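Let's walk through a protein chain together, one feature at a time. Have the picture open while we talk.

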Amino acid sequence: RQPAIPLPAETLGEPGNPPQLVQVRPHVGTVVLEDRSASPKVRREIRVDQHKKLTRIVQARSDGEEPAPKPKSEDFRVFTRAHQVSDESRSGAGELHDRVTIDVSWAVPNFAKVENSPYRTVPNDRGTFWSFFPTKYSTTLSGALNAAWKTNEDRQNLLDSSQLNWELLRVAATLIVDSLPDLAVAEDPAAYLPLLPGRSKESPNWACKYLTDQVWQRAATQPSLPDQNGVLRVPAELRVHREKLSDEALALWRSYDSRPVNWVHHSVEGPGSRRGKMNHILEASAHPGQESIKEWLEALVEDGTVEASAAAIRVLAYLLEHDLDGSRSATDVAEARQARIVLTENGGFVAAEKGSLFRRTSEDGLLDDMICVDSRLAADEQLAHAFDVLGIPEADAEGRFLGVIDRGFHGYTDESWMRFWELLRAAGGASQVRALKTRLTEVFSPGRCLQVKKNESRSSDRADPPRT
């Protein structure tokens with residue numbers, strides 16, 4: 001049994017401190033509050049249940065009305081650490097000097113599911129320092145932070161003159177950061193970020209400011225940000241995508257199963273100032289910051305496969321059509337197009353520059369100087385629209401014909417010459433004569449010949465190149 005707590009009668013019908021009281025007192029099972037000054041009597045019962053890793057608080061209120069309101073429940077996560085107080089802090093702790101061990105607890109509301117959204121949310125309220133009862137000291141950290149703080153006589157303010165308080169704040173910061181892996185849910189790994197404190201300069205009091213600095217300092221060197229698999233890692237081990245990319249573009253990027261995992265999880269773009277909280281951690285860790293779109297796209301093809309190239313091509317095409325569509329994005333578009341993500345016939349990766357890449361639609365065995373995408377990519381009908389967006393057209397007959405001439409005729413067989421003349425006819429026949437003469441003059445050395453085929457379909461004769 002606990003001593004009676006004097007409370008205004010009107011608080012019996014309101015949510016607030018009484019339910020939070022049982023979060024930080026694990027030995028409390030049920031709290032019953034009654035207002036016997038009213039008629040009929042008002043009764044409020046608060047029950048605490050342990051449900052797996054959650055502390056569930058169930059509130060039932062009755063004031064004589066029929067039917068009685070249904071009980072309401074709230075779920076909290078409570079993390080506790082027993083701290084052995086240093087001799088130096090105990091010597092100046094006053095009435096707390098006999099306490100060798102002090103429990104520090106952090107109670108935070110559980111995540112709520114949002115309909116038709118992949119994200120989990122938490123209340124965006126400021127937290128409070130507790131000394132078994134709420135103090136007047138608020139904090140930008142969410143939830144209730146409870147410990148046997150050294151306070152003034154009315155137990156409302158934490159004393160900055162107490163060495164014990166400074167020590168407990170450091171313990172609290174360690175507890176908070178160590179608790180993050182348990183708060184990273186698989187469905188939304190970065191959902192915990194809004195629970196963390198804000199900027200140090202936004203702190204409402206000295207205790208919050210010191211706690212905030214300590215949290216960011218520890219988060220900078222401990223696993224505190226989720227990778228692509230949702231596993232928390234040290235910030236220095238992670239790469240960060242550029243901000244303000246659409247959910248759809250991010251989803252396309254991560255749809256490739258073999259993507260690199262050392263990129264921060266895209267759930268950091270969820271609601272509740274997640275990106276801002278992540279930036280606080282990055283700043284504290286001296287992280288180089290976000291990568292460029294070019295680097296983000298090229299990371300997707302690190303495994304060198306045709307599947308990776310196809311995935312990156314889809315992402316780039318989407319960016320050009322949506323995220324980077326508009327005159328203000330011209331610089332970003334130019335940068336994105338520099339990403340070497342298109343797998344070519346020779347096995348290398350090149351940038352998707354307009355006019356420099358083609359899709360080969362037929363194989364005639366003739367060598368040309370055209371750079372064509374890998375045949376498996378060219379044959380993928382699902383990539384046709386993406387290729388159109390990127391400006392990678394099919395290799396037409398004229399372009400191929402000029403490319404063949406540029407490569408020369410070394411090693412040509414009778415079959416090669418037959419295909420050459422077939423390609424000439426497909427490219428326009430007589431309309432290509434001038435181009436043919438010009439190119440032959442440039443590529444042929446004296447004594448070299450161009451092989452032609454007579455109309456009678458007899459064996460091939462040789463024709464001298466045009467003279468200048």
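**Helices side by side**

A: Start with a meeting of two helices: Glu248, Ala249, Leu252 and Trp253 in α5 meet Arg314, Val315, Tyr318, Leu319 and Asp323 in α8. Contact here means heavy atoms within 4.5 Å. By class, this contact of α5 with α8 has six nonpolar, no polar and three charged residues. Ala, Val, Leu, Ile, Met, Phe, Trp, Tyr, Cys and Pro count as nonpolar, Asp, Glu, Lys and Arg as charged, and the others, Gly among them, as polar.

Q: Before we go on, what kind of model is this?
A: It's a predicted model, in which local features need pLDDT of at least 70, side-chain atom pairs count only at pLDDT 80 or more, and totals for chains, interfaces and linings use all residues. Residues are numbered from 1 along each chain as its sequence is written, and side-chain values use heavy atoms, with hydrogens and water left out.

Q: How do I read the packing of α5 and α8, and at what angle do they pack?
A: Two packed helices are described by the angle between their axes and the distance between the axes. Helix α5 (residues 247-254) and helix α8 (residues 306-323) pack at about 175°, with axes 9 Å apart. The axes are lines fitted to C-alpha atoms, for helices over the stretch in contact, and angles run from 0 to 180 degrees between N-to-C directions. So α5 and α8 are roughly antiparallel to each other (under 35 degrees is roughly parallel, over 145 roughly antiparallel, 65 to 115 roughly perpendicular, and the rest oblique).

Q: What about α3 and α4: at what angle do they pack?
A: Helix α3 (residues 163-183) and helix α4 (residues 206-219) pack at about 40°, with their axes 9 Å apart. That makes α3 and α4 oblique to each other. The residues of the contact of α3 with α4 divide into 12 nonpolar, three polar and two charged.

Q: How many helices and strands are there in the protein chain?
A: There are 14 helices and 16 strands. Helices (H or I, at least four residues) and strands (E, at least two) are DSSP runs, numbered from the N terminus.

**Inside or outside**

Q: How much of the protein chain is buried?
A: Buried residues make up 46% of the 468 residues. Buried means under 20% relative accessible area, exposed over 50%, and partly exposed in between (1.4 Å probe, protein chains only).

Q: Is Gln50 buried or exposed?
A: Gln50 sits in strand β2 (residues 42-51) and is exposed, with a relative accessible area of 58%. Cys208, at 0%, counts as buried, and Cys372 is buried at 2%.

Q: What should I look for in phi?
A: Most residues other than glycine have a negative phi. Arg155 is not a glycine, yet has a positive phi of about 60°. Arg155 is in the loop between β10 (144-146) and α3, and is partly exposed at 41% relative accessible area.

Q: Where does Ser273 lie?
A: Ser273 lies in the loop between α5 and α6. Its phi is positive too, near 55°, and at 44% relative accessibility Ser273 counts as partly exposed. Just after α6, Ala286 takes a positive phi of about 60°.
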